[in-house]
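Let's take a walk through this chain, from its overall layout down to a few side-chain pairs. Keep the viewer open and follow along.

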Amino acid sequence: MLLSGFISARRLGRFMVNKKTVFLFIAIVLGIVIAYYFFQTEEAKVRKKLYLLSELISKEGEEAALITAQRGHRIIALFNNQCRYETYTNSYSGSYNQQQIARQALAARSRFINLELKLFDISIEFPYKTRANVTLTANITGKTKIGEEIDHSHEIEVILYKVEKKWLISHIKVVEILVK
């Protein structure tokens, strides 16, 4: 009887050590995540916005309407109230509000079964504390619902402004078509 009580106490002690170790591990991981989130450089925050846009534009297969609506809402949050868009064809150039941008992006996505936007060669400059000038290469690949394959690469300039501690896209300019 005494021996079984001793064994139970040892097991409980091991469990407590394991519990303390797990708690310490979780606290360290949580501390790292908090430090990463709060102490990111401005460049990292801008990159994060651009990669999020890439993720929201990309599509794999059919989506439920609710998922599409959620993506539209998240796209809105990446853009300033008014965003200037310039391209080699003047038919799409102009200023758009957040809702128009989301509508255009979702309409374009709806024509595809698969769509992927990859960003390369990202160069970020900060001429002012609240402005980021970005030059990047965007590669868009996908397959339309009618079976057409696309693979386009463009050099793009993006201007983001820091508004209420958030970097928002304010200007997009398609500089050059690299591959069509």
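Accessible areas here come from the Shrake-Rupley method with a 1.4 Å probe. On that basis the chain has an accessible surface of about 12,400 Å², and 60% of it belongs to carbon and sulfur atoms. Bear in mind that this is a predicted model.

Now for the layout. Of the 180 residues, 31% are buried. If you take contacts between residues at least 6 apart in sequence, 53% of them join residues at least 24 apart.

So what sits inside? The largest nonpolar core has 30 residues, and F79, V134 and L136 have the most contacts within it. Several elements supply at least two residues each, among them helix 2 (42-57), helix 4 (98-110) and strand 5 (131-144). Strand 4 gives the largest share, with six residues. For a closer look, click on L136: leaving aside neighbours within four places in sequence, its contacts include L50, L119, F120, I122, I156 and V158.

V33 belongs to helix 1 (residues 2-38), and with 48% relative accessibility it counts as partly exposed.

On to the charged residues. Side chains of opposite charge can pair when their charged atoms come close. The count here is six salt bridges. One of them joins E42 and K162, at 3.0 Å from N to O. This pair ties together distant parts of the chain, since E42 is in helix 2 and K162 in strand 6, 120 residues apart. E42 is partly exposed, at 26% relative accessible area, and K162 is also partly exposed, at 26%.

R47 and E43 form another salt bridge, at 3.1 Å from N to O. This one is local: the two residues are four apart in helix 2, so about one helical turn separates them.

Finally, find R109, which forms a salt bridge with E63, the closest N and O atoms lying 2.8 Å apart. R109 is in helix 4 and E63 is in the loop between strand 1 (59-60) and helix 3 (65-76), 46 residues away. Is R109 buried or exposed? At 2% relative accessibility, R109 is buried, whereas E63, at 21%, counts as partly exposed. Salt bridges with shared partners also join E42, K45 and K162 into one network.

Technical notes: Residues are numbered from 1 along each chain as its sequence is written. This is a predicted model: local features need pLDDT of at least 70, side-chain atom pairs count only at pLDDT 80 or more; totals for chains, interfaces and linings use all residues. Side-chain values use heavy atoms; hydrogens and water are left out. A nonpolar core is a set of buried Ala, Val, Leu, Ile, Met, Phe, Trp, Tyr and Cys residues joined through side-chain atoms within 4.5 Å. Buried means under 20% relative accessible area, exposed over 50%, partly exposed in between (1.4 Å probe, protein chains only). Contact means heavy atoms within 4.5 Å. A salt bridge is a side-chain nitrogen of Lys or Arg within 4 Å of a carboxyl oxygen of Asp or Glu.
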